[in-house]
Amino acid sequence: KQKQNNRTMTTAAAYDPATIPQLESTLEAQSKDISPYNFQSNKTLAKLYKCYPSSSPSKHQHYATMLLVTLRQYPESSTDFHALVCLMPESAQREEACASLIRCAELLEGAQFEMFWETFPSDYKADERVCTDMRQAILKVFGSVYQNIACDVVAKALGYGADDVAGMKKFVEGTNAVSISSDGTVVEFALTVVNSKRSVAQNQQQSLMGKINLGSVSHLLHLPQ
């Protein structure tokens, strides 16, 4: 019933600029983890900005917030992210706050995880909630393809660097369906139909990324688990 009410609200709001403040508040609540991710609400807000360009003086800031909360739902949110970008004016897309996140989404989609962390804005990297979401998402992508991966490869992909494998292991210990091997050299993922025969060693990182990027990361979401 709640979803139905939300759908009714966003459908009506799509034609009423008076609802912009409410939709902006909903967006801010999502960014603070007060409210759950709501793509329909965010899309409605983006549509209203497009129809009423002078409706909100802070809309470019809210565009960036939209992209960030959507990026935090990676990899399931790839389609959502592209839909929001298409609703944004080119001027907003070119602004650094949005441009950097658009580039980050491209890197994630291409499984270029190390470069993603190099590109990800420092303010977001300083936010533990955001980093946790992104690291868990990358682990999910790995687990969709591989049964085990060398610890140093995973450490770099999660933004710790090869010299902070210990930090990566501490993070992995609190993640469901992921564990460290008894000898401490490999990250192991719960078996699925897809990953049951795949693994990657320390010297195979390039091969790893190539296999993940099957057209795009979003392709993995349609593989049987």
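Helices (H or I, at least four residues) and strands (E, at least two) are taken as DSSP runs and numbered from the N terminus. The model is predicted, so that local features require a pLDDT of at least 70 and side-chain atom pairs count only at pLDDT 80 or more, while totals for chains, interfaces and linings use all residues. Residues are numbered from 1 along each chain as its sequence is written, and side-chain values use heavy atoms, with hydrogens and water left out.

The confidence of the prediction is expressed as pLDDT, the predictor's confidence in each residue, from 0 to 100. The protein chain has a mean pLDDT of 84, and 80% of its residues reach 70 or more.

Ser31 is placed in helix 2, which covers residues 20–31. Buried denotes a relative accessible area under 20%, exposed over 50%, and partly exposed the range in between, with a 1.4 Å probe and protein chains only. Ser31 counts as buried because its relative accessible area is 15%. A polar atom of the Ser31 side chain lies 2.6 Å from the backbone oxygen of Glu28. When residues up to four places away in sequence are not counted, Ser31 touches Thr65, Val69, Arg72 and Arg129.

Helix 7 spans residues 96–109 and has 14 residues. From its first C-alpha to its last, helix 7 reaches 20 Å, close to the 20 Å expected at 1.5 Å a residue, where the expected span is 1.5 Å times one less than the number of residues. Its buried residues are Cys98, Ser100, Leu101, Ile102, Cys104, Ala105, Leu107, Leu108 and Glu109. These buried residues pack against helix 4 (59–71), helix 5 (78–87), helix 6 (90–94), helix 8 (113–119), helix 9 (122–125) and helix 10 (128–145). Helix 7 is followed by Ala111, which has a positive phi, near 60°. In helix 5, the buried residues are Ser78, Asp80, Phe81, Leu84, Val85 and Leu87, and their cover includes helix 3 (39–51), helix 4, helix 6 and helix 7.

A nonpolar core is defined as a set of buried Ala, Val, Leu, Ile, Met, Phe, Trp, Tyr and Cys residues joined through side-chain atoms within 4.5 Å. The largest such core has 61 residues, of which Leu67, Leu71, Phe113, Phe116, Phe120, Met134 and Met168 touch the most other members. Helix 10 gives the most to this core, with nine residues. Leaving aside neighbours within four places in sequence, Phe116 is in contact with Leu71, Cys104, Leu107, Leu108 and Met134.

Seven salt bridges are present in the structure, each being a side-chain nitrogen of Lys or Arg within 4 Å of a carboxyl oxygen of Asp or Glu. One of them joins the side chains of Lys140 and Glu76 (1.9 Å, N to O). Because Lys140 lies in helix 10 and Glu76 in the loop between helix 4 and helix 5, the pair ties together parts that are 64 residues apart in sequence. Lys140 is partly exposed at 41% relative accessible area, as is Glu76 at 42%.

Other salt bridges lie within a helix. Arg94 and Glu90 meet at 3.6 Å, N to O; both lie in helix 6, four residues apart, about one turn of the helix, and both are exposed. Arg103 and Glu106 meet in a salt bridge of 3.5 Å, N to O, and they are three residues apart in helix 7, about one helical turn. Arg103 is partly exposed, with a relative accessible area of 35%, and Glu106 is partly exposed at 43%. A network of salt bridges links Asp33, Arg72, Asp127, Arg129 and Asp133.

Asp183 lies in the loop between strand 2 (178–180) and strand 3 (186–189). With a relative accessibility of 55%, Asp183 counts as exposed. Its side chain makes a polar contact of 2.6 Å with the side chain of Ser181 and another, of 2.9 Å, with the side chain of Thr185. A polar contact is a pair of N or O atoms within 3.5 Å; within protein, one must be able to donate a hydrogen and the other to accept it, and residues adjacent in sequence count only if both atoms are side-chain atoms.

Terms used. Contact means heavy atoms within 4.5 Å.
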